[in-house]
Amino acid sequence: MAQVSPEVTDHGGGVRSIRVPIPDNPLGYTLVYVVDTDGGPVLVDTGWDDPASWDTLAAGLAACGTSPTEIHGVVITHHHPDHHGLSGQVRDASGAWIAMHAADAAIVRRTGETRPERWFAYMTAKLEAAGAPEDHVAPLRAARPRSRCRRRAG
């Protein structure tokens, strides 16, 4: 393994990873893998849908010798938004295909079709039931009345 840049690690064999930040989240980042294929670079996951995350992904791809416009395909490991949040933007930039399990695609579609206030109420209830601290739940309550969720790629 070789560190290409602070955000990019070369694992050898045409596989690199990019640390794409998850804003305001204790996890800190999602690893997005860039895999060289005969058809062009394929991403495994894309990261959180946020301008800083997009900028980091684009800079990481540049450090790998490619760009968002050259992505051939995207494989999504699971439906969480820190893993597929930027997939639509990557597809818009490059025309890349996107692959995910049918059950995950159904969740993404259902989320995109749900009114924002219903989605925020659902997530608030889930976090409260799990014992999440109030400072984690409060932003969802505050976002409920004014939110306009964008449709996610699916």
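The following is a conversation about a predicted model, in which each label is set against its criterion.

Biologist: What makes D45 count as buried or exposed?

Modeller: Its relative accessibility is 3%. Buried means under 20% relative accessible area, so D45 counts as buried. D45 lies in the loop between β5 (42–44) and α1.

Biologist: And D24, buried or exposed?

Modeller: D24 has 85% relative accessibility. The cut-off for exposed is over 50%, so D24 counts as exposed. D24 belongs to the loop between β3 and β4.

Biologist: What is there to say about the phi angles of D24 and D45?

Modeller: Phi of D24 is near 55°, and phi of D45 is near 70°. Each is a positive value in a residue other than glycine. Most residues other than glycine have a negative phi. A positive phi near 65° is also found at G13, in the hairpin of β2 and β3.

Biologist: Why is V4 called partly exposed?

Modeller: The relative accessible area of V4 is 40%. Buried requires under 20% and exposed over 50%, so V4, at 40%, is partly exposed. V4 sits in the loop between β1 and β2. Setting aside neighbours within four places in sequence, V4 is in contact with T9, D10 and A63. V4 and S17 are 13 residues apart in sequence, and their C-alpha atoms are 9.7 Å apart.

Biologist: How do you know that G73 is buried?

Modeller: G73 has a relative accessible area of 0%; the limit for buried is under 20%, so G73 is buried. Strand β6 (residues 73–75) contains G73. Apart from neighbours within four places in sequence, its contacts are P41, V42, L43, A96 and W97.

Biologist: What makes β1 and β2 a pair?

Modeller: They have two bridges, in the antiparallel sense. The requirement is at least two, so β1 and β2 meet it. A2 stands opposite D10 in β2. These two strands form a hairpin with four residues between them.

Biologist: In what order do the strands of the open sheet come, and which stand at the edges?

Modeller: The seven strands have the order β1-β2-β3-β4-β5-β6-β7, with mixed pairing. β1 (2–3) and β7 (97–99) stand at the edges because each has a single partner strand, which leaves one side of each without a neighbour in the sheet.

Biologist: What makes up the largest nonpolar core?

Modeller: It has 19 residues. Those with the most contacts inside it are I18, L43, L57, L61, I71, V74 and V90. Two or more residues each come from β3 (15–21), β4 (29–35), α1 (51–63) and α4 (102–113). The largest share, three residues, comes from α1.

Biologist: What is I18 in contact with?

Modeller: With its neighbours within four places in sequence left aside, the contacts of I18 are E7, V8, T30, L31, V32, V34, T56, L57, G60 and L61.

Biologist: Which residues of α6 are buried, and how do you know that they are on the same side?

Modeller: In helix α6 (residues 134–143), the buried residues include V137, L140 and A143. They cover an arc of only 125° around the axis, so they are on the same side of α6. The buried residues of this helix pack against α5 (116–129).

Biologist: What makes you say that the charged end of R19 sits over the ring of Y29?

Modeller: The charged end is 3.9 Å from the ring centre. The distance limit is within 6 Å, and the direction must also be within 35 degrees of the ring normal. R19 is assigned as sitting over the ring of Y29.

Biologist: How many aromatic pairs does the structure hold?

Modeller: The number is zero. A pair would need ring centres within 6.5 Å.

Definitions and conventions. Residues numbered from 1 in each chain as written. Predicted model: local features only at pLDDT ≥ 70, side-chain atom pairs only at ≥ 80, totals over all residues. Heavy atoms only, no water. Phe/Tyr/Trp six-rings, centres within 6.5 Å; stacked < 30°, edge-to-face > 60°. Core = buried A, V, L, I, M, F, W, Y, C linked by side-chain atoms within 4.5 Å. Buried < 20%, exposed > 50% of the residue type's maximum accessible area, 1.4 Å probe, protein only. Contact = heavy atoms within 4.5 Å. Arc of directions from axis to C-beta.
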